Amino acid sequence: MTDTFNVTAAYDKPSYNQGDTITATISGDDVLTQTFQGQIGPLAIPVVSADGAQETVNLPATTVTVTQATPESVVIDTTRPIVDSSPTPRTWTVSANKLSITATA
Amino acid sequence: MTLTIPVIAADGAPSTVTLPDPVVNSPADPWASLDGRANAPAGTPQFATLLNNPKYVPAGVAPGRYLWPSQAAFNPSTGKYYQPQFHVPGVDYAVGPRPGTVFKDPSAISIPGVTVSASGHKVTVGAAGAVISGIDFSLDGGWQCIISAANVTITDCNFMSGSNISGMLSMLNGDNNSNTNLTVQYTVLNGADVTGSQSSVVGNIRGAKFRYCLIENSNQDLLDFGGSGSTAVPIDVQYCVFHNDGKAGGHADWIQVGGAAYTITLKFNLAYSVGGSGSGSQGWMVDTVNGGTVVGANEMAYNTIVLGAGANVNFCFSLTTSSGSGNTGSIHDNYADLTGNNDAFAKGNATKTNNVSMLTGAEIPGF
């Protein structure tokens, strides 16, 4: 099982004036890839010829692998800190739906 | 510099997404056209590190000079800044003669109406509108410059007291009743702690404008305005540095006015005293105690004051306006380290608002 994040974030404006509210919103998903293995067979396939003769064709058991990719939703993880490495770090607030953060410019 | 946002998928898998810092536009610096930087002389400021002091920042903030729009020296509990956000003369820009000035000997002055006494080491400016530029008055143990006409300009000059003017009147002196509208700019006036019966750096000037001057080391007052008469003249002092006075034992005010009528504008100056005013300085003293009147709209604002221990400054400001309609005084938005202040921050009947202690980042109470 693997997770592949296809998540980006963007600000709501190209630039801000001092005192404006800065909003950064995340978008995208995580693709969860899961692999299942199973067995097919053995199979006994009845066959019949044109003159009505009957026979059975047997197939041995075989192992199959199934890969399933499932998109999953992604939100901001509120259990870990937002890291603002600017010289004057801002205080960021996570929205209720956990899809955006806001701070004062 | 980035912003790193932690994210989590529905199955609990963690990751992060990063963004560059947001682009925050800086509005036009509100101080740029006000604080004097625009026309300041190039060169290294005389006291460039004066405000890089751990006393002038909030706890936990590295010492430094935090100009607008930095919020590093902001005190959220008071809404004030520990340091001025505007540029301070002598700290954020230099004062004194502009680079490239080629100084000339005072004896070489040849201007109609200007008299030069080589033996007496005096230059008397008797021509209205005369411009005295690039003169080194510190030569030969010091020269005096006597102003006896209106609208004279002294620019890019160097004065320093010495053996020739010890005990004499001020090195830049005036006929104190008729000479108005003197301009002194880009000039050093150094009293060199010379003592004497009268040793103000500038004395008996009847109203003047000072810009980008370094005024220092007088035994008595740094600027002394005198004269008589009821017609008010402006005293307009901006972008200047007042540095040390009275160290030789004198009673040295930064400004004193005498028995005439004045209107004062004192803005964006630095007063820096490391101690020793002999009998206690009374700072920028513009009041009626010497028989004069202070009329019109008077303002002392956006000045920065650093008083080292033992500066022996009784008060930094004294602004007392005369009674009468339209006579107002305001002392506001000044920043001060009052370590060497031994009485009060300000006196007089002027309003006192938004003056900030650089030691606390809080407003200095009015007096």
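B:Cys316 is tucked away as a buried residue, with a relative accessible area of 0% (buried means under 20%, using a 1.4 Å probe and protein chains only). Keep in mind that this is a predicted model, where local features need pLDDT of at least 70, side-chain atom pairs count only at pLDDT 80 or more, and totals for chains, interfaces and linings use all residues. Residues are numbered from 1 along each chain as its sequence is written, chains are lettered from A and ligands numbered from 1 in the order written, and side-chain values use heavy atoms, with hydrogens and water left out.

**Cysteines**

- There are zero disulfides over all chains, a disulfide being a pair of cysteine sulfur atoms within 2.5 Å.
- B:Cys240 is in no disulfide, and its nearest cysteine sulfur, in B:Cys213, sits 4.5 Å away.
- B:Cys240 is also buried, at 0% relative accessibility.
- For B:Cys316, the closest cysteine sulfur is that of B:Cys240, and at 17 Å it's too far for a bond.

**Around B:Thr187**

- B:Thr187 sits in the loop between strand E13 (182-185) and strand E14 (188-190) of chain B; strands here are DSSP runs of E, at least two residues long, numbered from the N terminus.
- This threonine, B:Thr187, is buried too, with a relative accessible area of 0%.
- Its side chain reaches the backbone oxygen of B:Gln185 at 2.8 Å, and a polar atom of that B:Thr187 side chain lies 3.2 Å from the backbone nitrogen of B:Cys157.
- Leaving aside neighbours within four places in sequence, B:Thr187 is in contact (heavy atoms within 4.5 Å) with residues including B:Gly96, B:Pro97, B:Asp156, B:Cys157, B:Phe159, B:Tyr212 and B:Cys213.

**Pockets**

- A pocket is an open set of points on a 1 Å grid over the protein atoms alone, where a 1.4 Å probe fits, with protein on both sides within 12 Å along at least five of seven lines; lining residues have an atom within 4 Å of a point.
- The largest pocket has a volume of about 460 Å³.
- Its lining has 15 residues, and A:Gln18, A:Thr88, A:Arg90, A:Ala105 and B:Gln71 lie nearest the centre of this largest pocket.
- By type, the lining of the largest pocket splits into six nonpolar, seven polar and two charged residues.
- The second largest pocket comes in at about 150 Å³.
- Among the residues lining the second largest pocket are B:Trp31, B:Lys80, B:Tyr81, B:Phe86, B:Asp333 and B:Tyr335.

Technical notes. Helices (H or I, at least four residues) and strands (E, at least two) are DSSP runs, numbered from the N terminus. Buried means under 20% relative accessible area, exposed over 50%, partly exposed in between (1.4 Å probe, protein chains only). A polar contact is a pair of N or O atoms within 3.5 Å; within protein, one must be able to donate a hydrogen and the other to accept it, and residues adjacent in sequence count only if both atoms are side-chain atoms. Grid points are joined across faces, edges and corners, and a volume is the space filled by probe spheres set on the points. Ala, Val, Leu, Ile, Met, Phe, Trp, Tyr, Cys and Pro count as nonpolar, Asp, Glu, Lys and Arg as charged, and the others, Gly among them, as polar.
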